Amino acid sequence: MKRSDTVRFFGMLAAAAVMIAVVIATLNGRVNKLRMQRFEDVSMLMLGTSLFRYAIPDPSGGPVLSDIADGNLLRLGYSGASEGQLLQLARLGAQAGVRKIAIEVNPIVSRFAGRDECSASNRWKEVYNEIRLSARPYLRGRDVLSGGLGEPPQDVTTANMAADLNLLYPLRVEGPCLGPAWVDLVASHPSTIFIFVTMPRRLAARDRIGADGMAQFNSAAIDFAQSVGSDLFLVDPDGSWGDENFVDQANQSTIGAERFQRTFSIWHEALP
């Protein structure tokens, strides 16, 4: 290949990359605008992974949590949601004027095995996940929040739990990848109350993490909440939740969901 052809080839690649970036930016802008419109009439937003979806099966909170929202409550629980995705949703919620935003802290301060979300190369994965979670539903004419709204499936069993534990653990407790961005978010929106929530795990998962690891996780969650100046709800600080509260290694059963909502409501009502 001649030098001129090489230059032309790489020039075409660069132009294509710019076009793709522009398309993605435009698409994300439209999706985020629609998200903010959905958040405008929400008074309390709860953001998390599938752990939130199982703990709060009703996206509107149900009879227990709707009482503490002082208006409309919206729960979004995305399977495998990353710290960056939760940050983006929280930012949009605050910009839309949501008064209270509760955020699952697990993916912020810890990582499952094989997930390296703090690396620079992870940004491309973040872009893909953003498209998967919101842009794809938008392009298909569906609700841009549909991926986080659904109720949990009812056919989950512990049949594959051993394999799941081997895939997900050991858990790495590393603290936030985006700490300064969280600090800026909370500081920039003083009219929004930010709450962070640690989600419990089944005994088998706690055993994989170990007593020292669980203590480290709790400490990391406390340190993070303090660093951004927000309250933290430690759901199961002493690791006492029994297996009846879970359908697998961490997602909650009906019993666990009722327990979580009740204890969160009591904790929330005691806030100053």
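The structure holds 1 cavity of 30 Å³ or more. On a 1 Å grid over the protein atoms alone, a cavity is a set of points where a 1.4 Å probe fits but cannot get out. This is a predicted model, where local features need pLDDT of at least 70, side-chain atom pairs count only at pLDDT 80 or more, and totals for chains, interfaces and linings use all residues. Residues are numbered from 1 along each chain as its sequence is written, and side-chain values use heavy atoms, with hydrogens and water left out.

**The largest cavity**

- The largest cavity has a volume of about 70 Å³; a volume is the space filled by probe spheres set on the grid points, which are joined across faces, edges and corners.
- Its lining residues (an atom within 4 Å of a point) include R201, R206, F217 and D236.
- Helix α11 (residues 211-228) gives the largest share of this lining, 3 residues.
- By class, the lining of the largest cavity has 7 nonpolar, 2 polar and 3 charged residues. Ala, Val, Leu, Ile, Met, Phe, Trp, Tyr, Cys and Pro count as nonpolar, Asp, Glu, Lys and Arg as charged, and the others, Gly among them, as polar.

**The largest pocket**

- About 530 Å³ of space lies in the largest pocket. A pocket is an open set of points with protein on both sides within 12 Å along at least five of seven lines.
- The pocket is lined by 24 residues, and G80, F112, R115, L168 and Q249 lie nearest its centre.
- Helix α8 gives the most to this lining, with 3 residues.
- The lining of the largest pocket divides into 9 nonpolar, 8 polar and 7 charged residues.

**Helix α9 and its partners**

- Helices (H or I, at least four residues) are DSSP runs, numbered from the N terminus.
- The axes of α4 (residues 83-95) and α9 (residues 179-188) come within 11 Å and cross at roughly 15°. Axes are lines fitted to C-alpha atoms, for helices over the stretch in contact, and angles run from 0 to 180 degrees between N-to-C directions.
- α4 and α9 are therefore roughly parallel to each other (angles under 35 degrees).
- In contact terms (heavy atoms within 4.5 Å), L86 and A90 are among the α4 residues that meet α9, where W182 and L185 are among the partners.
- The axes of α9 and α11 come within 8 Å and cross at roughly 45°.
- W182, V183 and V186 in α9 meet F224, S227 and V228 in α11.

Definitions and conventions:
Helix = DSSP H or I, 4+ residues; strand = E, 2+ residues; numbered from the N terminus. Parallel < 35°, antiparallel > 145°, perpendicular 65-115°, else oblique.
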